[in-house]
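Subject: Structure handover

Hello,

Here is the structure we talked about. Please open it first, then read my notes below.

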Amino acid sequence: MSLRLDEIVARLGGDLAGDGTLTVSRVAPLDKAASGDITFLSNPKYRSSLIATGATAVIVTAEAASACPVAAIITAQPYLYFARVAQLLNPPLRPPAGVHPAAVVESPLPASVSVGAHARIGQNVTVGENTIVEAGTVIADDCSIGNDCWLYANVSIYSRTRIGARAIIHSGAVIGADGFGFARERGGAWVKIPQTGGVVIGDDVEIGANTTIDRGAIDATEIGHGVKLDNQIQVAHNVHIGDHTAIAGCVGIAGSARIGRRCTFGGAAMVLGHLEIADDVNVSSGTMVAKSITKAGSYTGWVPFLEHSEWLKNYSRLRHLDALADRIRALEARLAQLEKTS
Amino acid sequence: MSLRLDEIVARLGGDLAGDGTLTVSRVAPLDKAASGDITFLSNPKYRSSLIATGATAVIVTAEAASACPVAAIITAQPYLYFARVAQLLNPPLRPPAGVHPAAVVESPLPASVSVGAHARIGQNVTVGENTIVEAGTVIADDCSIGNDCWLYANVSIYSRTRIGARAIIHSGAVIGADGFGFARERGGAWVKIPQTGGVVIGDDVEIGANTTIDRGAIDATEIGHGVKLDNQIQVAHNVHIGDHTAIAGCVGIAGSARIGRRCTFGGAAMVLGHLEIADDVNVSSGTMVAKSITKAGSYTGWVPFLEHSEWLKNYSRLRHLDALADRIRALEARLAQLEKTS
Amino acid sequence: MSLRLDEIVARLGGDLAGDGTLTVSRVAPLDKAASGDITFLSNPKYRSSLIATGATAVIVTAEAASACPVAAIITAQPYLYFARVAQLLNPPLRPPAGVHPAAVVESPLPASVSVGAHARIGQNVTVGENTIVEAGTVIADDCSIGNDCWLYANVSIYSRTRIGARAIIHSGAVIGADGFGFARERGGAWVKIPQTGGVVIGDDVEIGANTTIDRGAIDATEIGHGVKLDNQIQVAHNVHIGDHTAIAGCVGIAGSARIGRRCTFGGAAMVLGHLEIADDVNVSSGTMVAKSITKAGSYTGWVPFLEHSEWLKNYSRLRHLDALADRIRALEARLAQLEKTS
């Protein structure tokens, strides 16, 4: 796939500076781009790489355009434009429509749907146009999947899961397993509380490899539109995640937490149960969110690592932080007394 | 499914206050319950919701019964009773018994067993009565699975795994993969130590989606009766988990750790290798257990998050905690000297 | 399988002390070994167990040999030798060569390859001699897998993944899913950046159950030779991991991080994106690596757990650590003033 610069601008907008008949066929980072590549500059600090670029064309802001030694596409948000060019140049390689003879499908499907070998689609399942269900993926009964979705190999969808349009679900993801709900007998044994709610997922959601989203206990677990979940994320029962929130790998969100819209979570952050997180909150990697966050902003809670012996010396003090604070208070009192008498 | 209140009491015990011919068909939270619903009150602080409830019936303690405006079932442990009512009202939708023609089964199975499409059961495998093996699940050779188990889709069971009765194993769980054991050559290369132990799982165990339990190096990894494991838990080789211990999502337990009975672990807690955890220990979410715990109780070790700039200011001090403590000691000495001379 | 001691020494080297015609059939820990077992002593502090051992033979260093009450194999690295003996005594039980009739294979394979039921191997896939692909495993188009690999059940390999010789890949592992890359629109919506790089994995790599390795955005994600990854590890796009690095379970490595050779990571450690970790670095369990490490050594960053009420008292002080440090500084100034005047 290769495109002329004037074709790109015709499709995606922006202003062209330079020869529109030049063609590009590949996106590349600014410092590695070669002839035939298109790249971008969004951070002014990489301007020296711009001057030296080997790319055929660069996507730049108006301010940076004058420094661009090659053809430029000028736009207010170069990285966003770059994403769209990358999509044009890399159309996904879709498997052919139709149901593989080694698949087991128990619901009628549109002819445009692709179902791979050893996939299993249960009864009373609705699948939208052009959706792809790859090999080994299992969709239980009574589910609905929207148009233009892509479920990669070995995904597991439990019954009564509803997924909107254009979802991308990666291998090993499990959607709709039972939430973790038990009552306890006096002797300590656990009695399972049936998890009868489902999972409702909006449009334009991406779900990473081996991510798990549990079904609700009574009401549904809800994932908003445009939510992006990386790999190995655990979303417990009755969690709500607001539209356009993006969550990096290894994050855990405990039961009934409500996450706002347009939030971001760094890798391995944790959110405890029943908390509320406001819209536009950014949680840093490795941060334990143990109380609700009511205000947009950035929040962090991890500890700096040290060379091991330094760590041992410093962090063992944490066990005695309260005593240290008491000693400071005692010092202050004694010193005040001394200052008074001297 | 709907049940009369007097039928419920006949099956589950408790005392009925009100019209036993009323029927309920759904469990619901106290504040959302409507006509036809049964709910519960266990925490006295929600008593105002009790007074306003729209439920047909409420499960309450004797103390709260007088405040219940509708029919009541009186029991010492309302939440536990609620769990049992929820089970009565929500019997699982079992797939039909029999082996799907697209399954591959190499061991004789009882007629009551259900095996889904593209499941594969190896040689010399014993499966108990009424057990369900869903689509895409693979059980390797020489395993035994008890009665009334439910293995959801795409579970992987390695050879020589023994699972008791009534297990529930969710999609993507992997049981019996090799433990992580290597010896090191001088140059740094690792030589694999064959992992020849198996996994032994008791009765009434639930294992969450994408949870992994490794086989032992020589002896078995052992999971006790009634253990409940949430999603994405990692249990390393030769771990022992005592009866009725419940572990929330994303927890990791390193090799040869021995966890007691009736323990609870919050999400993303970690236990280092070769430690012993006593019975009835509660470990908070996000806590690194780096030494053995010999006494029942609650243990915690995570750091509070802060607004990012506050965090930066405060947590950077951790690198110098030892120096701060030294400065306090020096102050104490100087002050004592001054107090002596003044 | 049982072997005479002289056969073992003939194959693996080392010096024999005692009767070479004795046979052993099982490896065992020093304190549990019985007749017919071979064990090892590498840590001198277990010498008392050596004296009391019930083993038929013990692998020891020259220094310890005189204390060995039974037959001994003398070698400089007993644990490494033990690993090799364990391999000899426990040859893997290979499934038979050939393609199961319920597999779907779209590329020509060597006759020595074993493909299990419901596995699916796509087009233009190269598989080396003696490689095993177990039931339910899916290999997408355009992949290459080396000789003598073992892919357990329900592994998912995306297109254009290259895997070297002798790989062991455990169930539920997902290799080559899309990296987590998006540009953001002003309104907050995310636009996917196509992930067009692949994954390149060296020889002698082991990948644990449910571990995920994402494909690169443009260039490949690269895993070196002899790398050992435990279960539930997340390796993001464009990460490089150097030869012979070993990573324990639940670790997360964010995008474009470069990990050196012969590093070790304890469980649940995290590495942030775009960092560089030098060769021969050891990162402790639960440590957040938030800046590059340029020097070999051991690095740690987790906090000690405490009994819950002690934790509450001490760790709440972290919110005010900066203020505590200010109070110490103020005390120092006041005290110096007082010392001057007294």
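A:L306 has C:T300 as its bridge partner in β38(C). That pair belongs to a strand pairing between two chains: β39 (residues 306-307) of chain A and β38(C) are joined by 2 bridges and run antiparallel. Two strands count as paired if DSSP finds at least two bridges between them. Helices (H or I, at least four residues) and strands (E, at least two) are DSSP runs, numbered from the N terminus.

Before you go on, note that this is a predicted model: local features need pLDDT of at least 70, side-chain atom pairs count only at pLDDT 80 or more, and totals for chains, interfaces and linings use all residues. Residues are numbered from 1 along each chain as its sequence is written, while chains are lettered from A and ligands numbered from 1 in the order in which they are written.

Now chain B. Strand β38 (residues 297-300) of chain A is joined to β39(B) by 2 bridges, and the two run antiparallel. Here A:Y299 stands opposite B:E307.

How many residues of chain C are in contact with chain A? There are 60, and they touch 63 residues of chain A. Contact means that the C-beta atoms, placed from the backbone, lie within 7 Å. On the chain C side, α6(C) gives the most, with 8 residues. By class, that side has 29 nonpolar, 21 polar and 10 charged residues. Ala, Val, Leu, Ile, Met, Phe, Trp, Tyr, Cys and Pro count as nonpolar; Asp, Glu, Lys and Arg are charged; the others, Gly among them, are polar.

For chain B, 62 residues are in contact with 60 of chain A. α6(B) gives the most to the side of chain B that touches chain A, with 9 residues. That side has 32 nonpolar, 21 polar and 9 charged residues.

How do the copies relate?

Last, one helix pair inside chain A. Helices α1 (residues 5-12) and α4 (residues 78-89) of chain A pack at about 115°, with axes 11 Å apart. So α1(A) is roughly perpendicular to α4(A), a label for angles of 65 to 115 degrees. Axes are lines fitted to C-alpha atoms over the stretch in contact, and angles run from 0 to 180 degrees between N-to-C directions. The contact residues include A:I8 of α1(A) and A:Y81 of α4(A).

Best wishes

Methods. Angles under 35 degrees count as roughly parallel, over 145 as roughly antiparallel, 65 to 115 as roughly perpendicular and the rest as oblique. Two residues are in contact if their C-beta atoms, placed from the backbone, lie within 7 Å.
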